Amino acid sequence: MFLGLAVIPFVAGCPSSSAVATSAPPPALVVAPVEQWSYRVVKAYPHDPLAFSQGLVWYGDGFLESAGQYGQSNIRQVTLTDGSVKKRVNLDDKFFAEGATVMDDVLYQLTWQEKICFTYDPKTLKRTGKISYEGEGWGLTNDSKSLILSDGTNKIRFLDPKTMKVQREISVFANNDPKQPQYDLNELEMVEGQIFANVWHADVIYRIDPKDGRVLGVIDMSGLSAETRGDADRVLNGIAYDPATKRLFVTGKCWPKLYEIKLEKK
């Protein structure tokens, strides 16, 4: 076993139709309990407080970070120890950068509403192309076969990395209750075979089974964003995992710090 993982209840949905009872009443809806997790900070590192973090990827011995906002969007190589930017490539002002991931030595970077995914050489940040896709782009990760994209709904889509065509999708529900679709799934990271997804404007990270969307756990991340209270946009949004050392990192939009954390079961 490695870290430990979890999930959280959230809102809304429409009632499902009920079956008509015959000789016996229909079985009650069973909502499986979801493991609850917390964290402890192993170490805090400097992070650029001007970086509106949208995607965070461990690569080499540091990070690739996608920073958003119109007129400020970029992709950058970041040093772990001091948070310095080794290299940065800006996007045209009409693009709002979103999630990013590296798969088969290609760096992919989503845009929010522009329906364009840019590709780069992750070592040099030289842009190598662009691919169109449908819908909005929020978070991005991969499973070594497919790109995995969130769009702010409760759907997570698996895409062909060459065409960005949808191969399949999963749906995520709070407490695995089909009456409670979990909206606002945002930054994604694949961690030991599970999709970690933060929820926009919530101090939680969901642990999701990529096969069927089942919530395996919820990680309560409250407390980390205390330094940015008062600014509604400076929320948790950045998850990166180093599989070689099994280190998990998180940060947020314009946070002055990036944290290495260890998960702990409640």
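A search of the whole structure finds zero disulfides. The structure is a predicted model. In general terms, a disulfide is a covalent bond between the sulfur atoms of two cysteines. Cys-117 is buried, since its relative accessible area of 0% is under the 20% limit. Cys-254 also counts as buried, at 12% relative accessibility.

## Overall architecture

The protein chain has 20 strands and zero helices. It comprises 266 residues, of which 52% count as buried. Taking contacts in the protein chain between residues at least 6 apart in sequence, 55% join residues at least 24 apart.

## The largest pocket

The largest pocket holds about 340 Å³ of space. Its lining consists of 19 residues, and those closest to the pocket centre are Trp-58, Glu-189, Met-190, Tyr-241 and Pro-243. By residue class, the lining divides into eleven nonpolar, five polar and three charged residues.

At least two lining residues come from each of β2 (53–59), β6, β10 (140–142), β14 (185–191) and β18 (236–242). Two of these strands, β6 and β10, are followed below through Thr-101 and Thr-141.

## Thr-101 in strand β6

Strand β6 spans residues 97–103 and includes Thr-101. Is Thr-101 buried or exposed? At 5% relative accessibility it falls under the 20% limit, and Thr-101 therefore counts as buried.

The side chain of Thr-101 makes a polar contact of 2.8 Å with the side chain of Asn-142. Leaving aside residues up to four places away in sequence, Thr-101 touches Val-57, Val-106, Leu-107, Tyr-108, Leu-140, Thr-141, Asn-142 and Leu-147.

Thr-141 is buried, with a relative accessible area of 3%. Which residues does Thr-141 touch, not counting those up to four places away in sequence? They are Thr-101, Ser-146, Leu-147, Ile-148, Leu-188, Glu-189 and Met-190. The side chain of Thr-141 also reaches the backbone nitrogen of Met-190, at 3.1 Å. Met-190 is listed among the residues closest to the centre of the largest pocket, as is Glu-189. Thr-141 and Ile-195 are 54 residues apart along the chain, and their C-alpha atoms are separated by 8.3 Å.

Ser-144 is found in the loop between β10 and β11 (147–150). Its relative accessible area is 54%, and Ser-144 is exposed because this value is over 50%. Ser-144 and Met-103 are 41 residues apart in sequence, with a C-alpha to C-alpha separation of 6.2 Å in space.

Most residues other than glycine have a negative phi. Leu-125 has a positive phi of about 65° although it is not a glycine. Leu-125 sits in the loop between β8 (116–120) and β9 (127–132). At 2% relative accessibility, Leu-125 counts as buried despite its place in a loop.

Met-164 is another residue other than glycine with a positive phi, here near 65°. The loop that holds Met-164 runs between β12 (155–159) and β13 (166–171). Met-164 counts as buried, at 4% relative accessibility.

## Gly-83 in the loop between β4 and β5

Gly-83 lies in the loop between β4 (74–79) and β5 (85–90). Where Ser-144 is exposed, Gly-83 counts as buried, at 13% relative accessibility.

Which residues does Gly-83 touch, when those up to four places away in sequence are not counted? Gly-83 touches Pro-46 and Val-78. Gly-83 and Gly-62 are 21 residues apart in sequence, and the distance in space from C-alpha to C-alpha is 9.1 Å.

Terms used. Residues are numbered from 1 along each chain as its sequence is written. This is a predicted model: local features need pLDDT of at least 70, side-chain atom pairs count only at pLDDT 80 or more; totals for chains, interfaces and linings use all residues. Side-chain values use heavy atoms; hydrogens and water are left out. Helices (H or I, at least four residues) and strands (E, at least two) are DSSP runs, numbered from the N terminus. Buried means under 20% relative accessible area, exposed over 50%, partly exposed in between (1.4 Å probe, protein chains only). A polar contact is a pair of N or O atoms within 3.5 Å; within protein, one must be able to donate a hydrogen and the other to accept it, and residues adjacent in sequence count only if both atoms are side-chain atoms. Contact means heavy atoms within 4.5 Å. A disulfide is a pair of cysteine sulfur atoms within 2.5 Å. On a 1 Å grid over the protein atoms alone, a cavity is a set of points where a 1.4 Å probe fits but cannot get out, and a pocket is an open set with protein on both sides within 12 Å along at least five of seven lines; lining residues have an atom within 4 Å of a point. Grid points are joined across faces, edges and corners, and a volume is the space filled by probe spheres set on the points. Ala, Val, Leu, Ile, Met, Phe, Trp, Tyr, Cys and Pro count as nonpolar, Asp, Glu, Lys and Arg as charged, and the others, Gly among them, as polar.
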